[in-house]
Structure formats: structure tokens, C-alpha cells
Amino acid sequence: MPIKWDPLLVRHTARELDERLGGARLRALRMDGETRELALLLREHTLVWRLHPTDGAVHLLDPVEPSASDLRLKARVAGVSAVPDDRLVHVRLAAGSAQPPLTVVVELLGNQWNAVVVEDDGQAGTARHVLWRRASERAARVGYPYRPPPALRRAGIDGELSLEAWLELLEPLAPPERRRALVRSVAWASPLNAAALVGGDLVEGHALWSHMVREETPSRPVVIETDAGRQPYPFPFPGVVSEPFENLLAAIEACADGAELRPSGDSEPWAAGIVAGVGPELMRRLERAARRAARREERLRRERRDLDDPAGLRALGDLILARYRDIPSGASSARLTSFTGEEVEVALDPALPPHENAARYYQRAAKVERAREQLPRLTEEARLERVRLEELLRAAATGEVNEEEVREALGPEPSVVRGQPTGPALPYRSFRSSGGLEIRVGRGARHNDDLTFHHSSPDDVWLHARDSAGAHVILRWPGPGRPPARDLAEAATLAALHSKARTSGSAPVDWTLRKYVRKPRKSPPGRVVAERIETLFVTPDAGVLDRLEPLR
């Protein structure tokens, strides 16, 4: 369960951070918009805010070395504070007389958590860095004035609300309406504490509210048990099961989804790598390399497992030569009597004479034998590469290696020199099937025609989800005959996934050879007419995207 934040939890978390970090020296700032994680890399600590809608927590961890992609900022933490009766934390940074002060504003509103670095202060100033750009009227934009959320303007923000006003608001209402009225009208109230404040005697509830919201009241950190799960809070509630903690950061740590993280230095790898000495971009490159290595190993294992029997292939070639008089001209298959008297169905290329069909089987048998010799070595090499990259990933996440070591281990990355033309973008994405064939998936309606008629050959296989808007798919097939069933099914699955049938349990996908597809005059982009169609029914399983190797 993600932690829920209310004004009292925000106030006391900020107060604790101010006590721990006031005067600390900042070395760098790390903002990862993809994972929505913010890190302040200090000399003695690393302050990490995880601001993803499913995981919002704050962690104070051991220091790490800034990476090359981090924003270098030499500043001092002048203080950490919370906006009264709100869910905004301000980390004020003093960068010296030559630079204006900066404020890191952490917004903990609903599930739209965000972080913005504001020049001057968090109430008025220019946004200099934004964790992620959300779609809203108040979206922070770099270089524009930062607009904080509008104040709630509830009564009692200074902790002063008379018992008479409290009773006048709540006494006439039934208990469910009391909670809603309290949260709507009274400062510092929230769904986390409303039940404790108005669920019993209203006079006692007012006394509890007055005690909790008083500025000088010290926190008594606990983890309370709620219907939604464990929740940190600065105060226990009467009659509510709770576990005391030494400080609020420890209570938050115990409830966070990443609770395995500990500031002891021996934490498990963190998937985003934000607390490692390796920047997020390089970390993701390493993760992609590890996934590619795992997919290659699995693909080689499947290929080795699914190899045909070369002796059986040669036997079919021998049978074709021995029974060639029984094979009708132009047949795509024939039932032949084997040397042991059994009938055998033999697939044929109708365009070839029997002796060339037999030669095809002998060639396939030789290819399988070569594969049997090479695949064990290739599979072991792929396994060792996967293990190497996974170990490197673990070491990078735990800070055992630095950026230079990771870059050296990964090797050079293909780069594009600025200002040089890179050529037109291809109208398709490309994957390699389990059998090694290329599958091209159109990038949208206006690119489908280009793929079908300019980036395919007449004997390639063309696929499209039936009666659904979606991508044209081309399975590159040198022929002759039908493509392997497994490769055809994978191409059909990609066609279903890239169509409006992607959410169906079973989707029909039409296929034919590309030479049987034509474009009517004046038809809209992507509209074609196909003949000699056959149909496959496939499950749009997104897992196929992980199993197939992306080519471009």
C-alpha cells in the first residue's frame, strides 16, 4: 500500500529532516522523471524521495558518489519546512552570495506527487528543474514562474479553534457527515485522523485535535493499522492498534514498499538505481543489456530444444527419391509409403520437382547437425554473458562499481554525431522471431502503406488483425512454401497486440502473401484489399514482446 500523506505527517516529517539535515552540504541533485525519484546527494547522507503514485516515501540513506549525469550543486541545506495545513515540503538551499537561493519543493498532493527546483523560494520564483511534467493547468514548466497549489484556507490553521465553534460545526451532523465536514472545514484534519477526532466524544476529539496541531507538541511516531494496511503517523490514536518507533523516518521506512532498503550500507539492489553511484540513464542501459542477454540465452535454449531430428529429415529426402513416381506434379504435400510400410505425410514445395524437394530436406538435415554442434557453445556463452551483466547490475545498484567501470564493461554505445543526417526514420519496428525471421510492425496508419508496398518483398507474409484498426505486419519469408507455424503465430500475435483487438481474449488475424495485397485508388492511408487470405486465432499476449529480440 502506498503511504498516505496528510498535513500533520508532512509537518513532522519536515521537522525531523530539518533536525537531521540542517546545515548539511549538498553535492548534487538527481531527478529521474521515468521512475519519479528525487535524490539529494549530501556529503553525509543521501535523501531520497520516491514519488511514484504506487510508492511515495522518503529515505535517508548512506552517501553515494555523484554520477556524471547528476546535476552538480554546491549548496548548504538552509532548512526543511512544511507549508502549514498543506502537503508541501520545502528544502531550502543556500548556494552562496554569487547565486540566488534555491528551494526544492516536494508536492505530496493526492497521487500527483512531484518535485520542482524553484529559484528564490517555493512560493514565488522560477522553476529551474521539474521531476516530471504532468498534464494539468498548474503544470510546472522550466523557465516559467512556479505556481504552488492554492491554499485550503480552513479554520484553525494556527491551532486556535474554540470548542464552541467545533461543536457548532459538528454536533448537528450524523457521524459520517461529521468526518466529511471536519476534513472540509478544519485545518490539519484528514481522512487519516478524522475517525479518531469525531468518532467518539466530540469534546475529547477537540482536545485531541488541539494537542496534535499545537506547534510545540512533539511527535510520538507510530505505525498504525488501518483497513488499507500499515500507515506511519506522528501520533497514536486512542483505541487504534499501533506500534511505536524511535523516529518518524523509521516508521515511514517500515511502511514503504521498498522496506528492504536500510541506511546501513548493505541494502538490496534498488531497481531504479537512484541511490547508486551510477546515474539513472546508464543504469537503465545496463538493465536493458541484462534483459537482452537473458532473452538471447532463452532463445538459444528454445532453439536447441526445438531442433528437428536430422536423421528423420534425411529419411524424408530418401523417401521422396524412392517414391518420386507417386508424387503428383505441383503437389504441396503427398502421402507416401515408408520403407517400413507406414504411410507418411511429406510437405513439399509445389514449384520444385521431387529431387529438389529431397535436396531441401538434406540441406535442412545438414543445417540441424551444424546447429547441434554450435548451439551448446553459443548457449553457454549467452549464459555467462547474462550472469556477468546481472552481477554488474547488482554491483552498480549497491555502489560496488562506479560509472567508469560500468561503461568499460558495457563497451562503447552507438552514438550519433550532432548535425550529421541520420537518414529518414523507418516506417516500422523490427523484431526477430524464435526461428530467426524478421518481423516488421508498422508504426501507424500513415506508415502502413509504406511498409507494405516499399519495405517488403512479394513473397513475404502480410498480416493484419481482422476487422480492427491496427498495424500492418510483414513476416520476411524467403520461401518457398508456408512459413514455420511458430514464426507465423508470433507475427500474428504482434499484429493483434498492435491493433484495437489487443484487449481481446482471442483475436482473428488475417494473413496472405504480400503479392496478393493491393491498394485501391484514392483509398485512405492503411486501407488495402487482400486476396487468398487465411486466418489465425491468437491470444494478444504482451509477453511476446519480451521474448522476441528487437532489431530496430
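Let me start with helix 8 and helix 9, which in this predicted model cover residues 310-322 and residues 354-397 and pack at an angle of about 170 degrees, with their axes 8 Å apart. An angle over 145 counts as roughly antiparallel, and that makes helix 8 roughly antiparallel to helix 9. If you look at the residues that meet there, helix 8 contributes, among others, Pro310, Leu313, Arg314, Leu316 and Gly317, while on the side of helix 9 you will find residues including Pro354, His355, Tyr361, Tyr362 and Arg372.

From there I would like to turn to charged side chains. Side chains of opposite charge can pair when their charged atoms come close, and in this model the count comes to 33 salt bridges.

The next pair is Arg407 with Glu403, whose side chains meet in a salt bridge at 4.0 Å, N to O. Both residues sit in helix 10 (residues 403-410), and because they are 4 residues apart there, about one helical turn separates them. An α-helix has 3.6 residues a turn, so residues three or four places apart point the same way. Arg407 counts as partly exposed at 39% relative accessibility, while Glu403 is buried, with a relative accessible area of 8%.

My last pair is Lys519 with Asp449, where the side chains meet in a salt bridge at 2.8 Å, N to O. This pair links distant parts of the chain, since Lys519 is in the loop between strand 20 (517-518) and strand 21 (529-530), and Asp449 is in helix 11 (residues 445-454), 70 residues apart. Lys519, at 30% relative accessibility, counts as partly exposed, and Asp449 is buried, with a relative accessible area of 16%.

Beyond these pairs, a network of salt bridges links Glu297, Arg301, Arg386 and Glu390.

Let us move on to helix 3. Which residues of helix 3 are buried? They are Arg178, Ala181 and Leu182, and, seen down the axis of the helix, they fall within an arc of 100 degrees, so they line one face of helix 3. These buried residues pack against helix 2 (163-170), helix 4 (194-198) and helix 5. Pro176 is also placed in helix 3 (residues 175-185), but Pro176 counts as partly exposed, because its relative accessibility is 44%. The C-alpha atom of Pro176 is separated by 87 Å from that of Tyr324, which is 148 residues away along the chain.

Finally, a word on the nonpolar core. In soluble globular proteins, nonpolar side chains tend to be buried together. The largest nonpolar core here has 43 residues, of which Trp5, Trp49, Val89 and Leu108 touch the most other members. To follow one of them, Trp5 is in contact, leaving aside its neighbours within four places in sequence, with residues including Val10, Trp49, Val58, Leu108, Trp113 and Ile252, as well as Arg87.

How values were computed: Residues numbered from 1 in each chain as written. Predicted model: local features only at pLDDT ≥ 70, side-chain atom pairs only at ≥ 80, totals over all residues. Heavy atoms only, no water. Helix = DSSP H or I, 4+ residues; strand = E, 2+ residues; numbered from the N terminus. Buried < 20%, exposed > 50% of the residue type's maximum accessible area, 1.4 Å probe, protein only. Arc of directions from axis to C-beta. Contact = heavy atoms within 4.5 Å. Core = buried A, V, L, I, M, F, W, Y, C linked by side-chain atoms within 4.5 Å. Axes fitted to C-alpha atoms, helices over the stretch in contact; angles between N-to-C directions. Parallel < 35°, antiparallel > 145°, perpendicular 65-115°, else oblique.
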